[in-house]
Amino acid sequence: MKSEKLKEGGYKFSPRIQDKVFSNYNVKLILEWHDSQDGTVSPEIFKMPKNPFEDIDFKIGTIVYIVKDFSRSNLKSDMLEVSYPFNYTLTAGWHGSERGYHITIIKNNDHENPVAKTHESYFELEEATISAVAMIENWINEQK
């Protein structure tokens, strides 16, 4: 989508839109709103980091596998695996543009029946992973 007032690129507008699906229609509405403003509204230029997992503290978890190259051409179903005590495993990966990224918590290697699972957009991936780490930490503390 193009705007008369913005250069090509990624932008973040505040307040955030609650709808996680950014259809062409939603983007069009955002750009029309921005173009109708008096010029005092300045969106943040958004730059995608190399790897949204790189700044996460996985607490007592041990990283088994992590994708270093987070470029679009390297997206795959297995991008992160972190092992925790009491047989918890945190995994994350890409499931295609329809479903986005997944974050899964597994117990006792039972991949068919995850303890928790969510699908997120790239923009919520880091926050959702941090929440998953906190969940695992709480469950481990309850079992001690």
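Aromatic pairs came up first: I find 4 of them in the structure, where rings of Phe, Tyr and Trp (its six-membered ring) pair if their centres lie within 6.5 Å. Tyr-122 and Phe-123 make an edge-to-face pair, with 5.9 Å centre to centre and 85° between the planes; under 30 degrees counts as stacked, over 60 as edge-to-face and the rest as tilted. Ring pairs join Trp-94, Tyr-101, Tyr-122 and Phe-123 into a cluster.

A note on provenance: this is a predicted model, so local features need pLDDT of at least 70 and side-chain atom pairs pLDDT 80 or more, while totals for chains, interfaces and linings use all residues. Residues are numbered from 1 along each chain as its sequence is written, and side-chain values use heavy atoms, without hydrogens and water.

Why does Tyr-122 count as buried? I see that its relative accessibility is 10%, and buried means under 20% relative accessible area (1.4 Å probe, protein chains only).

The core has 24 residues, and Phe-53, Phe-58, Phe-70, Tyr-84 and Leu-90 touch the most other members. Helix H3 (122–143) is among its suppliers and gives the most, with 7 residues; helices are DSSP runs of H or I, at least four residues, numbered from the N terminus.

Last entry: I found Lys-107 over the face of Tyr-88, 4.4 Å from the ring centre (the cut-offs are NZ of Lys or CZ of Arg within 6 Å of the centre and within 35 degrees of the ring normal).

Technical notes
A nonpolar core is a set of buried Ala, Val, Leu, Ile, Met, Phe, Trp, Tyr and Cys residues joined through side-chain atoms within 4.5 Å. Buried means under 20% relative accessible area, exposed over 50%, partly exposed in between (1.4 Å probe, protein chains only). Helices (H or I, at least four residues) and strands (E, at least two) are DSSP runs, numbered from the N terminus.
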